[in-house]
Amino acid sequence: MHWLPPQASTFASEIDFMFWVILVITGIAFVIVEVGLLWFVIRYRHRPDRRAYYTHGSKTAEIIWTAIPAATVIVLGVWSGRVWGEIKRRDRLPANAVRVAIAAKQFEWNVTYAGADGALGTPDDFTVRNQLHVPVDRPVVVDLTAEDAIHSFFVPVFRLKQDAVPGMRIPVWFEATQVGEYEIACAELCGLGHYRMRGMVHVHTQEDFDRWMLARAAGGEGR
Amino acid sequence: MTTAAVHHEAAAGGHHELSFVRKYIFSTDHKIIGIQFLFMSLFFLLVGGLLAMMMRWQLGYPGKAVPGGGVLPETMASGGVILPEFYNSLVTMHGTFMVFFAIMPLLVGVYGNYLIPLKIGAPDMAFPRINMASFWIAFGAGIIMLAGFFATGGHAAAGWTSYAPLSARSDLSGVHMGQVLWLVGLIVLGLSSILGSMNYITTVVNLRAPGMTWFRLPLSIWALFITAILVLLAMPVLSGALIMLLFDQTLGTHFFDVSAGGQPLMWQHLFWFFGHPEVYILILPAMGIVSDIIANGSRKPIFGYHSMVFAIGAIAFLGWIVWGHHMFQSGMNPMLGTSFMISTMVIAVPSAIKTFNWMGTLWRGNIHFHTPMLNALAFVSMFVIGGLSGIFMASTPVDIFQHDTYFIVAHIHYVLFGGSLFAIFGAIYFWYPKMFGRMMSERLGKVHFVLTFVFYNLTFFPMHFLGMTGHMRRIYDPTQYEFLRPYQGTNRLITVGAFLLLASQLPFIWNFFWSLRKGAKAPLNPWRDNGLEWTVPSPPPHGNFATTPTVHHGPYEYSSPLTTDDYLPQNQEVRP
Amino acid sequence: MRRMMLAVGTVALCVACGGGGGGDQAGGAEGGDQAAPAAAAALGTASVSGNVLFTGTAPANPAIDMAEEPACRDKHPEGPRDPEVVVTDGKLANVFVYVKSGLPAGQTFPAPSAPAVIDQDGCLYHPRVLGVMVGQPLEIRNSDPVLHNIKAVPTVNRGFNISQPQAGMTTTRTFSDPEVMVPLECNVHGWMNAFLGVVAHPFFAVSGTDGTFTIGGLPAGTYELEAWHEKFGTRTASVTVTDGGTATVEFSFAAN
């Protein structure tokens with residue numbers, strides 16, 4: 001059974017790759033410890049003529065099993081820091097991005113589009129409930145906020161998650177790589193409707209996206 | 001710090017006969033207080049488990065009436081079908097009862113109280129009456145916490161982490177009185193913990209018997225001592241945050257309400273500044289106890305005793321600077337994420353050191369598989385899984401996907417159940433003879449262990465896979481999402497595992513209560529252990545030691561070349 | 001010491017139970033349709049009947065995007081719209097009309113045990129505007145196979161926020177104080193709105209699609225009536241009735 005969701009954004013594959021590498025590293029540690037434990041308890045189980053080997057330890061062993069984990073986590077840390085910075089840094093958002101604002105509230109995602117002029121905060125903006133339409137292969141920057149409780153904007157196939165906090169405007173970016181429809185989930189307990197705070201990302205070709213935007217901006221349907 | 005113990009024979013209470021109430025209910029004897037905490041905490045462990053069963057029912061069979069659920073009031077369930085707001089309360093109260101009223105008091109309240117004076121050679125705690133107050137305050141906190149279920153609007157439903165603004169605003173959560181009772185209950189419990197920790201620290205510093213130097217202390221005592229320092233420093237931070245939230249709920253303040261200048265993120269910083277040391281409070285005593293039991297079961301000194309002490313200290317120290325790893329996706333400055341990520345990665349190292357030292361203890365040992373040892377071995381093997389899964393979340397990019405999913409739930413339960421709870425079971429089996437003067441049934445103990453181990457893994461290991469799918473936490477009905485529907489079978493499997501896990505506790509409950517009356521009378525030292533507690537009767541008299549013992553060597557002199565026996569109690573001199 | 005503990009524990013439990021606030025399951029008989037008043041406590045034999053007119057062009061009701069809720073969307077084959085303004089041939093529906101003053105001082109009216117019923121169907125409240133007496137059970141039903149939460153946001157009464165995740169669930173609540181109007185909302189479907197007129201007497205009605213309403217059982221006298229609409233505000237009128245007689249009254253609203 002396939003567990004990780006499909007990848008539909010540019011950084012999804014990088015995050016999954018990190019996941020698999022960490023799985024391999026921890027897997028090796030897991031095997032060493034569990035097999036070691038099992039072997040020791042079988043090999044050194046009590047027998048009537050046994051006496052345990054009296055020792056208080058080994059400095060060499062301590063150094064080895066301190067240094068190797070330390071080196072491993074430092075490498076993982078440096079790598080993680082670099083990838084993290086690429087994804088979450090707010091002062092280096094991608095250029096030429098489509099801008100969208102999302103206000104999370106109990107229990108819906110209110111998506112505000114920039115309209116025909118392409119700029120948010122102008123009179124031709126319009127808001128749609130729960131439907132995020134974006135073009136494929138183009139960066140999108142979401143200005144994320146919340147109106148009441150803390151929510152969390154989560155698109156599993158993008159490997160994207162960002163808490164939406166009242167009083168804060170948090171920019172979050174992604175670039176979708178596949179046309180399709182993907183679910184948005186809320187990933188922070190926000191009340192009794194938290195489990196149903198479901199939205200949909202519609203990734204279009206650029207042409208379809210432009211067409212949709214024109215139709216909607218010209219007074220299309222929907223509260 | 002002095003290495004000389006102060007004689008406190010006077011604290012033994014003289015020779016007048018105490019009434020039943022003064023002896024067993026309002027007792028100042030650390031052993032009775034420890035046993036009181038034991039009964040109270042085991043009760044709350046069961047309560048927490050039952051709440052989880054209801055959650056698992058809803059997750060396994062969403063929207064189906066719970067068998068017998070018709071008795072639930074219509075504010076909790078409609079025709080036996082759990083309502084979403086009640087589900088959120090279940091999630092909240094399961095976590096709250098388990099963390100604050102089960103695991104923490106089982107480790108710190110029970111074994112801190114019971115073991116510290118006995119294992120350091122003292123007649124009682126430094127402040128026996130404060131000790132008594134500490135228990136009864138905790139008891140009161142438990143009553144307050146249970147009362148929340150009867151509140152209009154239901155019990156607290158914002159998670160055991162109680163994030164604001166959801167927890168601060170009744171118009172968002174639908175809960176007012178329940179949240180207030182939750183806050184008051186925890187504030188009261190905090191007082192109990194702070195009093196207890198102050199007592200433990202004073203006792204360990206001042207009341208060690210002659211010869212009981214710092215580096216002859218058993219690791220269980222080192223762990224409990226360092227844990228007490230963590231409690232003393234961390235609980236007041238929680239209390240402060242709880243009081244601010246309580247004021248927001250009741251006095252119209254706006255500490256966490258952004259519309260009036262408050263800061264939602266401040267709650268998270270305050271809570272997790274307490275919350276991360278709290279999880280080390282929940283694991284360090286377990287690690288210390290496991291060290292004692294593994295050395296005993298292997299008939300071998302602990303491998304790397306000094307490294308083990310250093311590792312406890314390192315974990316405790318580093319635990320103060322990692323709290324932001326709970327907040328990577330919170331909206332705080334991502335640069336902070338990087339710094340917290342580094343400290344979190346580093347804290348993996350002392351845990352690794354401890355794991356390898358436990359393996360070193362087993363290596364070339366002479367291993368006896370008594371029930372406490374089985375549980376201690378389960379601790380090591382399961383805690384490792386929990387620790388390794390933590391590395392995934394420590395990596396900030398991977399955490400983007402895994403935050404608030406079942407991967408976290410798996411991690412929590414591998415360290416808290418696979419770790420702390422197995423250690424607690426080990427401790428209960430190990431010290432029961434000393435506490436109650438009776439042996440528990442070894443056979444039932446092994447049955448309990450095997451069933452628990454199997455069904456525990458059946459319940460919690462699949463949660464790692466659910467987490468990989470992106471399955472969120474605290475979700476009343478996962479089938480509302482297309483991307484989660486294919487994995488509903490896994491949810492059902494976990495639910496079945498959970499019910500079997502609960503059923504597996506029956507042999508333990510039976511064994512515990514039956515042995516109180518019918519267990520074989522316990523000898524002085526059934527495990528042939530080195531600790532000072534095994535040199536006094538089972539159970540020990542008030543005042544513990546007829547004369548203050550003198551300690552001659554460290555706690556783990558098993559299979560020493562100086563003795564023919566394979567153990568050497570700490571107060572026993574070696575004939576040359 | 002022990003007795004004190006017992007007392008403290010009991011007090012804590014009592015404090016937790018708090019004050020009432022409803023929550024009992026009503027085995028409701030069918031009650032209250034959209035336009036008729038609660039007839040339980042007739043005091044007299046006079047009645048007022050009337051019309052609510054609307055002049056001008058009614059604004060178009062906004063369309064609702066139910067894409068995320070196909071189970072509800074499929075109940076509106078012509079495309080769902082939010083019925084904020086319901087005008088038919090110059091008549092305005094969903095106007096809440098009630099006696100604002102003029103009843104004998106100190107007169108109390110027992111609340112009927114039959115509930116006022118509000119249903120959620122197609123992700124809309126039915127009726128949109130409903131009158132209920134103080135102390136009368138309000139029965140809330142879910143006819144949709146989806147989660148609705150019903151959040152009452154009163155200013156005088158104690159509010160509530162309850163969920164009904166499945167079709168067929170019913171919940172009952174009561175109000176303890178008069179309040180015109182108590183808004184109801186659903187947070188899962190943010191377009192859902194209903195309005196409750198909570199009054200301490202049975203003399204109220206909601207205008208139907210034909211604009212008509214009737215309030216019966218009044219004692220002879222002079223009364224001030226108020227008509228409330230969610231978009232167009234309130235109008236008042238004075239009316240005098242005699243025993244056994246019927247007075248007519250007309251309210252007029254207009255597009256702004």
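## A first look at a predicted complex

S9(C) and strand S12 (residues 179-185) of chain C pair in the antiparallel sense, with two bridges between them. Helices (H or I, at least four residues) and strands (E, at least two) are DSSP runs, numbered from the N terminus, and two strands pair if DSSP finds at least two bridges between them.

Before going further, a word on what you are looking at. This is a predicted model, in which local features need pLDDT of at least 70 and side-chain atom pairs count only at pLDDT 80 or more, while totals for chains, interfaces and linings use all residues. Residues are numbered from 1 along each chain as its sequence is written, and chains are lettered from A and ligands numbered from 1 in the order in which they are written.

### How confident is the predictor?

For the complex, the predictor gives an ipTM of 0.95 and a pTM of 0.91. Confidence in each residue is given by pLDDT, from 0 to 100. Chain A has an average pLDDT of 93, with 97% of its residues at 70 or above. Within chain A, the lowest confidence is in helix H3 (residues 206-217), at a mean of 90, and the highest is in strand S6 (residues 151-155), at 98. Chain C has a mean pLDDT of 85, and 84% of its residues reach 70 or more. Residues 12-40 of chain C stay under 50, and the model has 64 contacts for them beyond four places in sequence. Two residues are in contact if their C-beta atoms, placed from the backbone, lie within 7 Å. Where pLDDT is low, the predicted coordinates should not be read in detail.

### Chain C and its strand S9

Chain C has two helices and 18 strands. Of its 256 residues, 41% count as buried. A residue is buried if 20 or more other C-beta atoms lie within 10 Å of its own, exposed if 12 or fewer, and partly exposed in between, with C-beta atoms placed from the backbone. Among the contacts in chain C with a separation of 6 or more, 69% join residues 24 or more positions apart.

Back to S9(C), residues 148-152: five of its five residues are buried, so the strand is largely enclosed by the rest of the structure. In a regular strand the side chains alternate between the two faces of the sheet. Here C:His148, C:Ile150 and C:Ala152 are buried on one side, and C:Asn149 and C:Lys151 are buried on the other.

Elsewhere in chain C, C:Pro83 sits in the loop between helix H2 (70-73) and strand S2 (87-88). C:Pro83 counts as partly exposed because it has 15 C-beta neighbours inside 10 Å. Its C-alpha atom is 6.0 Å from that of C:Asn61, 22 residues away along the chain.

Chain A is divided into domain 1 (12-88) and domain 2 (98-217), with bounds from an automatic or database domain assignment. The C-alpha centres of these two domains lie 41 Å apart.

The contact between chains A and B takes 71 residues from chain A and 81 residues from chain B. On the chain A side, H2(A) gives the most, with 15 residues.

B:Val290 touches B:Ala376, B:Phe379, B:Val380, B:Ala423 and B:Gly426, leaving out residues up to four places away in sequence.

### Backbone details

| Peptide bond | Omega |
|---|---|
| A:Gln106 to A:Phe107 | about -10 degrees |
| B:Ala164 to B:Pro165 | near 5 degrees |

A:Phe107 lies in the loop between strand S1 (98-105) and strand S2 (108-113) of chain A. B:Pro165 is in the loop between helix H4 (128-147) and helix H5 (170-173) of chain B.

A:Asn96 has a positive phi of about 55 degrees although it is not a glycine. A:Asn96 counts as exposed because it has 6 C-beta neighbours inside 10 Å.

How values were computed: pLDDT is the predictor's confidence in each residue, from 0 to 100.
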